[in-house]
Amino acid sequence: MTEPVLTVELICDHLGISRFSLKNHMGKSRFRKLPGADRERAAIRWMTVKVGREQFIAAVRGLAEQMRQAERV
């Protein structure tokens, strides 16, 4: 069985952060220049700061568990 893939967009949706605000933030020139993996790390860092570390971790764990449950059904 393969693990479900958590994407930045899925996490953003689960946290209730609009994708537009994420795109707007990541569209700034210092982020546009980053390669793919670094850009994703920067997006995750931004979301963590926006909602708080503890809430971010709890939300990602909850989302991962939901995805695992859906995969088992």
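1. Helices (H or I, at least four residues) and strands (E, at least two) are DSSP runs, numbered from the N terminus. With these terms, the protein chain has five helices and zero strands, and its pattern along the sequence reads α-α-α-α-α.

2. A word on the basis of this note. The model is predicted, so that local features need pLDDT of at least 70 and side-chain atom pairs count only at pLDDT 80 or more, while totals for chains, interfaces and linings use all residues. Residues are numbered from 1 along each chain as its sequence is written, and side-chain values use heavy atoms, with hydrogens and water left out.

3. Overall dimensions and contacts. The C-alpha trace of the protein chain spans about 45 × 25 × 20 Å along its principal axes. Taking a contact to mean heavy atoms within 4.5 Å, consider the contacts between residues at least 6 apart in sequence: 64% of them join residues at least 24 apart.

4. Accessible areas come from the Shrake-Rupley method with a 1.4 Å probe, and for residues only the protein chains shown count as cover. The protein chain exposes about 5300 Å², of which carbon and sulfur atoms supply 54%. A residue is buried under 20% relative accessible area, exposed over 50%, and partly exposed in between (1.4 Å probe, protein chains only). Of the 73 residues in the protein chain, 29% are buried.

5. Salt bridges. The term stands for a side-chain nitrogen of Lys or Arg within 4 Å of a carboxyl oxygen of Asp or Glu. Side chains of opposite charge can pair when their charged atoms come close. Four salt bridges are counted by this rule.

6. Asp38 pairs with Arg41 in a salt bridge, and their closest N and O atoms are 2.6 Å apart. The two residues are about one helical turn from each other, because they stand three residues apart in helix α4. Asp38 is partly exposed at 32% relative accessible area, and Arg41 is also partly exposed, at 46%.

7. Two further bridges. Asp13 forms a salt bridge with Arg19, with 2.6 Å between the closest N and O atoms. Asp13 counts as partly exposed at 41% relative accessibility, and Arg19 is partly exposed with a relative accessible area of 41%. Glu54 forms a salt bridge with Arg53, where the closest N and O atoms are 3.7 Å apart; both of these residues are exposed.

8. The largest pocket. On a 1 Å grid over the protein atoms alone, a pocket is an open set of points where a 1.4 Å probe fits, with protein on both sides within 12 Å along at least five of seven lines; lining residues have an atom within 4 Å of a point. Grid points are joined across faces, edges and corners, and a volume is the space filled by probe spheres set on the points. The largest pocket holds about 310 Å³ of space.

9. Its lining. The largest pocket is lined by 14 residues, and Val8, Glu9, Leu22, Glu40 and Ala43 lie nearest its centre. Helices α1 (8-15), α2 (19-26) and α4 (36-51) each supply at least two residues of this lining, with α4 giving the most, five residues. By class, the lining has seven nonpolar, two polar and five charged residues. Here Ala, Val, Leu, Ile, Met, Phe, Trp, Tyr, Cys and Pro count as nonpolar, Asp, Glu, Lys and Arg as charged, and the others, Gly among them, as polar.

10. Lys23. This residue is in helix α2 and counts as exposed, at 66% relative accessibility. Lys23 and Ala43 are 20 residues apart along the chain, and their C-alpha atoms are separated by 9.2 Å.
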